[in-house]
Amino acid sequence: MAGLLASSGAALACADVGCDPTWSLFGGAQACHNRVVIAPGNDSRVNLLAMLRDSTGLGLTGAVTGGGDYPKPEYDEEGFGHMFLDWGMLTRTWVPALDPQAEPPANAIDGPCPAFRAASPEFNEALAANRALPGSDKTALSTARTQLVARCADSSLPAVLPGVAVSSAPGKAFLGYLAASDAFHATRYSEAASGYAALVGAPDPWVAETARYMVARAWLGEALVHSMGEYGYFEGLKAVDKAAAQRGRAALADYLKAYPKGRYAASARGLERRAMWLSGDFAALGQRYESVLAEAPKEGEPIVDLINEVDGKFLSNSDNPNPLGGGLLLLAAADMKAMRVADPDDRYSSGAETPLGADALASQQASFLRAPQLYGFLQANHAFYVAKDYARVLQLIPDDAKRPSYTPLAFSRQVLRGQALAAKGDPNEAGFWLELLGGAKALWQRPTVELGLAMNWERHGKLAQVFAPGSPITDRMVREILLMHSAGPGLLRQVALDVERAQTERDAALFTLLYKQLSRGDYAGFRTNQPLARGDAPTDGLWGFAPGSATPLGLFAKGRTAQAGFACPALQGTVAALAANPQDVRARLCLGEFWRLNGFDGFSMLDTPPSRGALGGAANEYPGKPLARGAIYAAVIADARSAPDDRAYALYRAVNCYSPSGYNSCGGEDVPIAQRKGWYDRLKREFPKSSWAQKLKYYW
């Protein structure tokens, strides 16, 4: 039951695969990553935590001015840098041992029996405290409980209670409690509820109070008995026994009336939220969550658990007919979610089926009388993401870019203003971001502002300013994305030569430069820059190469260039021949060997720019297009001047581009199977004695 109640209701989080963020400030679409800016596309839990902590003057992860270190990313967060976050990463900043997305331990024991066993000391303490219990009764009852716990885990053991004899009135009450608890832990909840209800007037005070509390627990258990589907998933409130849920809710009220400060009072108040959920009373549940959130500590594991519950049971619960029915914070979080729109730079994103209307938002004004800045921020988000009225955003959010520090809401307001300036093409946009940098001191804030400034400079042809000495743009990921996708050969060489820069950035710049020179036919330029590749640079990691990762620069210094059967010199010799004669047949084939043997087939990261609206997509200062390996073979095949062995090898390799799947692994235009058969037949016909003709058994 605990697992069910923790997981019901969908909550956005990263899946068990990597997440590739879109490097822009657009926060309108639901994605597997979040921004420090409160935005419609964020996980509702991130927005709710940010607004909750802001309401008490706290920063998102610590003091308003920042503090603390970025959490170590998990494997699916490697591409986030210091720009993006998810719920697990966010909560790990102040609960390092907690990962809300983690799987339970492999040795975790599910089911009711561990809980039954864990309660044994409390039962034995109650026995010891009752002076009216004879010693023989205490021994019999304690032994019986131990045997019941064992039988809970192993139903083949003999029945326990029929053989238990007690003589005193309190002993009979304890025995009745054991019978009810045996039924409860065997999930015979209705029977348990009746048994507990008969004990609310028991002579032992512990039995009387505990039994009254357990009546409610039993009815809430009964409500869920038929709620699990064939494969063990919760089937929603439609499958819940509402009558049992209502009985449980009434029993909780009865317990709290009888024991307002009782030993189970805190638990009972928490269970009231469960009873409201199970009975479908979302109006009461929303109001209760609002008050509980206000009273809860604002950091630590309890608030993580509470926000998970709020999101699963209320904000993201498909059974909730009106997510906008909560109090101020829940209403704001639900409004944000209702304003989701598709990201124009991500064809896979989608928004709300019917985004929140302006009239609906206007009707909520009275609900936000205590939080006018929050309401204005909601209006500005609607203007930006739904109405696309950027002038309205600037009216709603005045320029406040010179603060010494920013709370989550204040920072989110200013970033949204900066986004509106960018959308309008305002000439003061860059100056705004520069001013905002001064107060962006909390985790994730400064990189966010740097992204806005870098995108402005990229759009306006000022890429060199990003890499100028003393540049305010220091974020590694931002700089490397621009190097890989936007920078021209001059800037790349400048960065690669600058010993004042971090080695990781110099390596990224040089790898990009060498790859683009070699793939685009600038052989003279490659010869000039290849000696810059340091001898101790790694050669592995090509397919993990991305901004922020290690760079396989060593491939251009010591990568493989030949395989048995086709002789090629070191890469330097091949490039020297191409620099002297770009049509040199053997050198072109050897270049193809370098790409093939070092795993470059299908490597397109540096050749595929981001979308126009994302960082690295607004400018491309590097000329030319990459030469596909398949195009090399096609040219050699068509060149009547090529040596027979070279032409035979080109035919062999051209066919093998489609081995064994039938899909082109060499890049360039695909050719139909008839063409591949033609190459195969020609190799067999024209070069029958060639080793390549003898090796080739199929065409694909």
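Analyst: A disulfide is taken here as a pair of cysteine sulfur atoms within 2.5 Å. The model is predicted, and it holds three disulfides. In one of them, cysteine 113 is joined to cysteine 152, with an S to S distance of 2.2 Å. The torsion about this S-S bond is about -90 degrees, so the disulfide is left-handed.

User: Which parts of the chain does the pair of cysteine 113 and cysteine 152 link?

Analyst: The pair links distant parts of the chain, 39 residues apart. Cysteine 113 belongs to helix α4 (residues 113-118), and cysteine 152 to helix α6 (residues 135-153).

User: Is cysteine 113 buried or exposed? And what is the state of cysteine 152?

Analyst: The term buried applies under 20% relative accessible area, and exposed applies over 50%. Cysteine 113 has 13% relative accessibility and therefore counts as buried. Cysteine 152, with a relative accessible area of 23%, is partly exposed.

User: How far apart are the sulfur atoms of cysteine 568 and cysteine 590, and where do these residues lie?

Analyst: The sulfur atoms of cysteine 568 and cysteine 590 are 2.0 Å apart, and the two residues form a disulfide. Because the torsion about their S-S bond is about -90 degrees, this disulfide is left-handed. Cysteine 568 sits in the loop between α26 (555-558) and α27 (571-580), whereas cysteine 590 is in helix α28 (residues 585-597). This pair also links distant parts of the chain, 22 residues apart. Cysteine 568 is buried, at a relative accessible area of 16%, and cysteine 590 is buried at 3%.

User: What is the torsion about the S-S bond of cysteine 657 and cysteine 666?

Analyst: That torsion is about -95 degrees, so the disulfide is left-handed. Its S to S distance is 2.0 Å, and both cysteine 657 and cysteine 666 are buried.

User: Let us turn to cavities. How many of 30 Å³ or more are there?

Analyst: Rolling a probe the size of a water molecule over the atoms shows where empty space is left. In this model the count is four cavities of 30 Å³ or more. The largest cavity holds about 60 Å³ of space. Its lining includes Val36, Tyr406, Phe411 and Gln445, and divides into seven nonpolar, four polar and no charged residues.

User: What lines the second largest cavity?

Analyst: The second largest cavity, with a volume of about 40 Å³, is lined by Ser24, Leu25, Arg35, Val37, Met83, Thr448 and Leu451. By class, this lining has four nonpolar, two polar and one charged residues.

Terms used: Residues are numbered from 1 along each chain as its sequence is written. This is a predicted model: local features need pLDDT of at least 70, side-chain atom pairs count only at pLDDT 80 or more; totals for chains, interfaces and linings use all residues. Side-chain values use heavy atoms; hydrogens and water are left out. On a 1 Å grid over the protein atoms alone, a cavity is a set of points where a 1.4 Å probe fits but cannot get out, and a pocket is an open set with protein on both sides within 12 Å along at least five of seven lines; lining residues have an atom within 4 Å of a point. Grid points are joined across faces, edges and corners, and a volume is the space filled by probe spheres set on the points. Ala, Val, Leu, Ile, Met, Phe, Trp, Tyr, Cys and Pro count as nonpolar, Asp, Glu, Lys and Arg as charged, and the others, Gly among them, as polar. Helices (H or I, at least four residues) and strands (E, at least two) are DSSP runs, numbered from the N terminus. Buried means under 20% relative accessible area, exposed over 50%, partly exposed in between (1.4 Å probe, protein chains only).
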